[in-house]
Amino acid sequence: MAVHDECKLKFLELKAKRNFRFIVFKINEKLQQVTVEKLGQPADSYDDLTASLPPNECRYAVFDFDFVTDENCQKSKIFFISWSPDASKVRSKMLYASSKDRFKRELDGIQVELQATEPTRNMT
């Protein structure tokens with residue numbers, strides 16, 4: 001599975017410049033390539049990300065999560081989310097699962113990995 005250069009470039013912008021809150025990636029099966037599907041603006045929230053994920057198709061996403069520690073320090077972690085809803089096709093689930101590790105290696109700076117099958121609001 002190839003990874004379009006835009007995927008890496010936009011991820012670097014999210015990581016270094018914080019130009020985006022999240023990025024949703026899609027596998028284009030005809031081209032056998034991972035591409036950028038949607039860019040979340042810096043003011044967007046986790047709810048905006050979950051609203052961007054189709055209810056019956058798989059996707060990958062990265063989310064820049066801001067939080068405050070118990071010591072009252074502002075921190076940020078970049079989450080990698082493998083979105084695989086129960087309603088998606090088995091073939092699609094297998095394609096995304098088999099391509100995940102290679103794609104994730106292209107995105108240097110992932111700190112947390114999540115496997116999601118349904119949207120949830122609890123990110124803590």
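A pocket is an open set of grid points with protein on both sides within 12 Å along at least five of seven lines, and its lining residues have an atom within 4 Å of a point. This model is predicted.

**The largest pocket**

Helix α3 gives the largest share of the lining of the largest pocket, 3 residues. Two elements give two or more residues to that lining: β2 (22–28) and α3 (90–106). The pocket's volume is about 240 Å³. In total, 13 residues line the pocket. Nearest its centre lie Glu 29, Glu 57, Cys 58, Lys 89 and Ser 92. By type, the lining holds 4 nonpolar, 3 polar and 6 charged residues.

**Cysteines**

How many disulfides does a search of the whole structure find? The search finds 0. Cys 58 is in no disulfide, and the nearest cysteine sulfur, that of Cys 7, is 16 Å away.

| Residue | Relative accessible area | Class |
|---|---|---|
| Cys 58 | 1% | buried |
| Cys 73 | 36% | partly exposed |
| Val 112 | 23% | partly exposed |

Buried means under 20%, so Cys 58 at 1% falls in that class.

**Val 112**

Val 112 sits in strand β6 (residues 112–116). Which residues does Val 112 contact, leaving aside its neighbours within four places in sequence? They are Lys 77, Ile 78, Phe 79 and Phe 80. Thr 69 is 43 residues from Val 112 in sequence. In space, the two are 16 Å apart, C-alpha to C-alpha.

Terms used
Residues numbered from 1 in each chain as written. Predicted model: local features only at pLDDT ≥ 70, side-chain atom pairs only at ≥ 80, totals over all residues. Heavy atoms only, no water. Disulfide = S-S within 2.5 Å. Buried < 20%, exposed > 50% of the residue type's maximum accessible area, 1.4 Å probe, protein only. 1 Å grid on protein atoms, 1.4 Å probe; cavity = no way out; pocket = protein on both sides within 12 Å on 5 of 7 lines; lining within 4 Å. Points joined across faces, edges and corners; volume = space filled by probe spheres on them. Helix = DSSP H or I, 4+ residues; strand = E, 2+ residues; numbered from the N terminus. Nonpolar A, V, L, I, M, F, W, Y, C, P; charged D, E, K, R; others polar. Contact = heavy atoms within 4.5 Å.
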